[in-house]
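The sequence and the model come first.

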Amino acid sequence: MGLETEKADVQLFMDEDAYSHHSGLDYAHPAKCADSDPDRDPNQLNEHLKLDFQDVIAEPGSTHSFDNVWICSHALFEVSKFVVYKFLTLFLAIPLAFAAGILFATLSCLHIWIIMPFVKTCLMVQPSVQTIWKSVTDVVIAPLCVSAGRILSSVSVQLSRD
């Protein structure tokens with residue numbers, strides 16, 4: 001009976017959901033942990049920013065610096081890129097996210113409450129306006145164009161050399 005109990009405890013320990021419910025502790029799912037490195041760009045919006053040292057600085061085969069210089073340059077590039085990005089996001093990410101939120105909220109509000117009702121109103125009135133405009137062109141503009149065409153059709157131009 002002791003062996004069966006140990007196997008059950010091992011199985012319970014291996015099944016994290018059952019273990020967390022059994023022990024009374026609620027362990028976070030590994031995929032939801034901050035250390036699991038979630039994909040923060042699932043739609044590949046910033047694919048063009050995935051640059052490595054070799055993408056930016058590359059020495060052709062005929063020209064090489066000293067190996068230690070190359071290694072130090074590579075390390076300095078990676079560390080400075082990491083540190084400066086973290087520093088800038090520390091101070092700029094929250095204010096820029098706030099500003100972007102305000103901008104997108106304003107644009108969404110304008111689009112929903114002003115632009116789309118205006119467009120829908122124009123589309124709704126368009127058949128009436130189209131009928132009125134066709135009548136105006138048939139009654140006023142078409143006769144003027146026909147008259148101008150008849151007048152100008154009698155004009156003849158002759159070129160002569162003097």
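## Glu47 and its partner

Glu47 counts as partly exposed, because its relative accessibility is 41%. In this predicted model, the side chain of Glu47 meets that of Lys50 in a salt bridge, with 3.4 Å from N to O. Lys50 has a relative accessibility of 51% and therefore counts as exposed.

The structure holds three salt bridges. Side chains of opposite charge can pair when their charged atoms come close. Another of these contacts joins Glu78 and Lys81, at 3.9 Å from N to O. Glu78 and Lys81 are three residues apart in helix α4, so about one helical turn separates them.

Asp138 counts as partly exposed because its relative accessible area is 45%.

## Chain and exposure

The chain contains four helices and zero strands. Read from the N terminus, its elements follow the order α-α-α-α.

Of the 162 residues in the chain, 2% count as buried. The chain exposes about 15,000 Å², and carbon and sulfur atoms supply 67% of that area.

## The course of helix α4

Helix α4 covers residues 67-153. Were a helix of 87 residues straight, it would span 129 Å at 1.5 Å a residue, but the end C-alpha atoms of α4 are only 85 Å apart.

Where does α4 bend by about 45°? The bend is at Leu92, and a proline, Pro95, follows within four residues.

## The aromatic pair

The structure holds one aromatic pair. Its members are Phe87 and Phe91, arranged edge-to-face, with 4.9 Å from centre to centre and 65° between the planes. The angle of 65° makes the pair edge-to-face because that class takes planes over 60 degrees apart.

Phe87 and Phe91 are four residues apart in helix α4, so they are separated by about one helical turn. Phe87 has a relative accessible area of 49% and is therefore partly exposed.

## A nonpolar surface patch

A nonpolar patch on the surface is formed by Leu103, Phe104, Leu107, Leu110, Ile112, Trp113, Ile114, Ile115, Met116, Phe118, Val119 and Leu123. Together these residues have about 1,200 Å² of accessible area.

Technical notes:
Residues are numbered from 1 along each chain as its sequence is written. This is a predicted model: local features need pLDDT of at least 70, side-chain atom pairs count only at pLDDT 80 or more; totals for chains, interfaces and linings use all residues. Side-chain values use heavy atoms; hydrogens and water are left out. Patches are made of residues with over 30% relative accessible area and no salt bridge: like charges are joined within 9 Å, nonpolar side chains (Val, Leu, Ile, Met, Phe, Trp, Tyr) within 5 Å. Accessible areas come from the Shrake-Rupley method with a 1.4 Å probe; for residues, only the protein chains shown count as cover. A salt bridge is a side-chain nitrogen of Lys or Arg within 4 Å of a carboxyl oxygen of Asp or Glu. Helices (H or I, at least four residues) and strands (E, at least two) are DSSP runs, numbered from the N terminus. Buried means under 20% relative accessible area, exposed over 50%, partly exposed in between (1.4 Å probe, protein chains only). The expected span of a helix is 1.5 Å times one less than its number of residues. The bend at a residue is the angle between axes fitted to the seven residues ending there and the seven starting there. Rings of Phe, Tyr and Trp (its six-membered ring) pair if their centres lie within 6.5 Å; planes under 30 degrees apart count as stacked, over 60 as edge-to-face and the rest as tilted.
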